[in-house]
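Please read this report with the sequence and the model side by side, and look up each residue as it is named.

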Amino acid sequence: MPVNIIVCMKQVLDPEAPVSAFKIDTEAKRAIPAQGIPPVLSPFDENALEGALRIKAANSGSKVTVISMGKQIAKAVVRKSLAVGADDLILLEDPAFDIFDPYFTAYVLAAAVKKVVKYDLIMCGRQAADTDAGQVGSGLAELLGIPSITVAKKVEVTDGKVRVERVLSDGYETVEASLPALITATNELGELRSANVAAIMQAQKKPLVTWKAQDLGIDTSKLQRTAFTKLFQPVREVKCQMVAGATLQEAGQNLAVKLKEVKLI
C-alpha cells in the first residue's frame with residue numbers, strides 16, 4: 001500500500017568541525033557558526049530519512065515529504081534530501097523560529113504537518129546533534145494525538161500498521177502501532193545513502209515550498225515554555241608533570257611515588 005511519509009530534518013552546526021572553530025556568544029546564548037564551515041543535516045535525522053526511503057522503496061506509490069525549520073536555512077544543505085530520493089521539501093523559515101524550546105519546535109512542526117493534511121507516518125531523528133534534547137519527536141506525536149515509537153533501528157509498514165525494532169540497552173524489542181504514527185530513528189537504522197551527480201543537479205532545480213509563522217496561522221509570542229538561562233563551553237585544564245630519573249628503573253620508582261601521593265595507586 002502507498003505510504004505518505006513526513007520526515008522532520010534539522011540543520012545543525014557540523015559536529016565534525018574542529019573545536020577551535022566553535023564559539024559561544026554567552027550574552028545572546030547562541031553558538032556562532034564557524035566561518036567557511038557550512039551547516040549539515042543532523043545525523044539522526046539522516047537516519048530517519050534513510051528509513052523513510054526504504055519504506056518508500058518497499059511500498060509502491062509512496063511519497064516522502066521533508067520538513068525543515070529554522071530562522072535561516074541553507075538551501076544547498078537541505079536540498080540533499082531531494083537528491084537522495086525525497087519527493088518534496090517544505091521549509092519553515094522565519095526569524096520568529098529562532099528559539100530554543102522543544103515545545104515551541106514541536107508546536108510549529110505540528111502546525112505544518114496539519115497543513116500538509118495527508119500523512120501516514122512521521123519520522124524524526126531520536127535527538128538533534130546540537131542540543132541532544134530528544135524531546136521534539138515525542139512532543140510532536142503528543143500534539144498530533146498519534147502513537148510514537150522511539151529509538152527505532154528497523155521500520156516496516158504493512159497492512160496499515162508500522163512494525164518497529166526498538167533499541168534496548170541489552171538488545172531490541174519489536175513494537176507495532178496503527179497508522180498514523182511517529183517514529184524516532186537511531187543510528188542503528190543505517191546511514192543515509194549517497195546521491196549521484198545527476199540527482200544532485202536535478203535537486204537544485206526542484207521548487208521549494210516556504211512557510212512562515214503567518215502561513216501556519218500561529219502566534220509564536222505565546223508558545224515559548226523553556227527558559228534558556230546559560231550557554232557556555234566547559235573549561236578543561238590539563239596539567240603535565242615530568243617525572244625524571246637517572247635510569248628507567250629510577251624513573252619508574254619516582255613515578256610510582258608520585259602516583260601514590262595523588263592517591264591514584
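## Terms and overall form

A residue is called buried when its relative accessible area is under 20%, exposed when it is over 50%, and partly exposed in between, using a 1.4 Å probe and protein chains only. By that rule, 38% of the 265 residues of the chain count as buried. This is a predicted model, in which local features need pLDDT of at least 70 and side-chain atom pairs count only at pLDDT 80 or more, while totals for chains, interfaces and linings use all residues. Residues are numbered from 1 along each chain as its sequence is written, and side-chain values use heavy atoms, with hydrogens and water left out.

The chain has eight helices and 13 strands, where helices (H or I, at least four residues) and strands (E, at least two) are DSSP runs numbered from the N terminus. Its radius of gyration, taken over C-alpha atoms, is 23 Å, whereas a compact globule of 265 residues would have one near 18 Å, according to a rule of 2.2 Å times the number of residues to the power 0.38. The C-alpha trace spans about 75 × 45 × 40 Å along the principal axes of the chain.

## Contacts and charges

Contact means that heavy atoms lie within 4.5 Å. Of the contacts in the chain with a separation of 6 or more, 72% are between residues 24 or more positions apart. If its neighbours within four places in sequence are left aside, Ser68 is in contact with Met9, Gln11, Ile73, Val78, Ile90, Leu91 and Leu92.

The chain carries 32 positive and 30 negative side chains, and the centres of the two sets lie 2 Å apart. In this count Lys and Arg are positive and Asp and Glu negative, while His and the chain ends are not counted; each charge is placed at NZ of Lys, CZ of Arg, CG of Asp or CD of Glu.

## Backbone details

Most residues other than glycine have a negative phi, and most peptide bonds are trans. Against that background, Leu179 and Pro180 are joined by a cis peptide bond with an omega of about 0 degrees, and Pro180 is found in the loop between strand 11 (171-178) and strand 12 (181-185).

Asp159, although not a glycine, has a positive phi of about 50 degrees; this residue is in the loop between strand 9 (148-158) and strand 10 (161-168) and is exposed, at 76% relative accessibility. Lys263, also not a glycine, has a positive phi of about 60 degrees, lies in the segment after helix 8 (248-261), and is exposed with a relative accessible area of 74%.

## Aromatic pairs

Rings of Phe, Tyr and Trp (its six-membered ring) pair if their centres lie within 6.5 Å, and planes under 30 degrees apart count as stacked, over 60 as edge-to-face and the rest as tilted. How many aromatic pairs does this rule give? The count comes to two. Phe97 and Phe104 form an edge-to-face pair, at 6.4 Å centre to centre and with 70 degrees between the planes, and both Phe97 and Phe104 are buried.

The rings of Tyr103 and Tyr107 have centres 6.0 Å apart and planes at 45 degrees, so this pair is tilted. Both tyrosines lie in helix 4 (residues 102-116), four residues apart, which is about one turn of the helix. Tyr103 is partly exposed at 24% relative accessibility, and Tyr107 is partly exposed at 31%.
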